[in-house]
Amino acid sequence: MGLALQTQRSPMPGFGLGMGITLTMLSLIVILPVGALLAKGVTYGPAGVWDTVNTPRVWAALYLSFRLAFLAALFNLVFGTLLAWVLARYEFPGRRLVDAIVDLPFALPTAVAGIALTALYAPNGVLGGIAKSLGFKIAYTEWGILIALIFVGLPFVTRTVQPVIAEIETEVEEASATLGAGRFYTLRRVILPALAPAALTGFALSLARAVGEYGSVIFIAGNLPMKTEIAPLLIVIKLEEFDYDGAAAIGIAMLLIAFSMLLVINLIQIWSRRRIGHV
């Protein structure tokens, strides 16, 4: 009996201490700020929160933020996974440079990214000038916001999926081919099921990053109410007006919507993992 208990012990001691530190830091960094926001909403009252949120300007800002964040995350899911596949499976000149560039949005201050994107896509910029000559506008429109959100969210998908792709043995694909499976069938039945959990995680991270993005968006958005005004900017406006209750109300609305979306994504992720386990 004593031998059995000894063999079940973890080789790394200090579980109690480690768990205590983890829960303490999680409480200080995540739980307490979120709890303070919810407590502010309780103080303000459900009716006050609803009255603040239930206005055309706030609904337009929330719809714009979440809609474009979702589209940006979808774009990053496809092209971020493709980029991860190229970096993990192929050797080519400049591969290390491209691999380093992927992490640039992590290191670049968001305000600097916003200024750079605005200078590039403004009507007098290089790409913005080309777009203007073709009859459409990028900066100060929803297209500009979408580009900024794609920029900040792409590394989350690529860096989440890339290690999983590297762990998939090429022999698995070769075995599928020798059994007569075509490339599309191998991709659909062999590669994608193995990538699905990591890809959904990257999608969720990219979505969460885009929903709360502020610095890289405000310069390129134009910030026109009911048109290109994002929800985080509306929160900042409320704070500048010393309307802390109103800012908290919009923050609670964003929190609830984001939590619902992430919950659905996590449920899909759990389902995909169980489906892979049953295959």
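This tour moves through selected residues and segments of the structure.

The model is predicted: local features need pLDDT of at least 70, side-chain atom pairs count only at pLDDT 80 or more, and totals for chains, interfaces and linings use all residues. Residues are numbered from 1 along each chain as its sequence is written, and side-chain values use heavy atoms, with hydrogens and water left out.

Select Thr-228 to begin. Thr-228 sits in the loop between helix 12 (215–221) and helix 13 (231–240); helices are DSSP runs of H or I, at least four residues, numbered from the N terminus. With a relative accessible area of 5%, Thr-228 is buried (buried means under 20% relative accessible area, exposed over 50%, partly exposed in between, with a 1.4 Å probe and protein chains only). A polar atom of the Thr-228 side chain lies 2.9 Å from the backbone oxygen of Ala-221.

Next, select Arg-57 and Glu-229. These residues form a salt bridge, with the closest N and O atoms 2.6 Å apart (a salt bridge is a side-chain nitrogen of Lys or Arg within 4 Å of a carboxyl oxygen of Asp or Glu). Arg-57 belongs to helix 4 (residues 56–89) and Glu-229 to the loop between helix 12 and helix 13, so the pair ties together parts 172 residues apart in sequence. Arg-57 is partly exposed at 34%, whereas Glu-229 is buried at 2%.

Then select Asp-99 and Arg-159, whose side chains meet in a salt bridge (2.8 Å, N to O). Asp-99 lies in helix 5 (residues 95–102) and Arg-159 in helix 9 (residues 142–167).

Finally, select Glu-213 and Arg-209, which form a salt bridge at 2.1 Å, N to O. Glu-213 is buried at 3% relative accessibility, while Arg-209 is partly exposed at 25%.

Terms used: Helix = DSSP H or I, 4+ residues; strand = E, 2+ residues; numbered from the N terminus. Polar contact = N/O pair within 3.5 Å; in protein donor to acceptor, adjacent residues only side chain to side chain.
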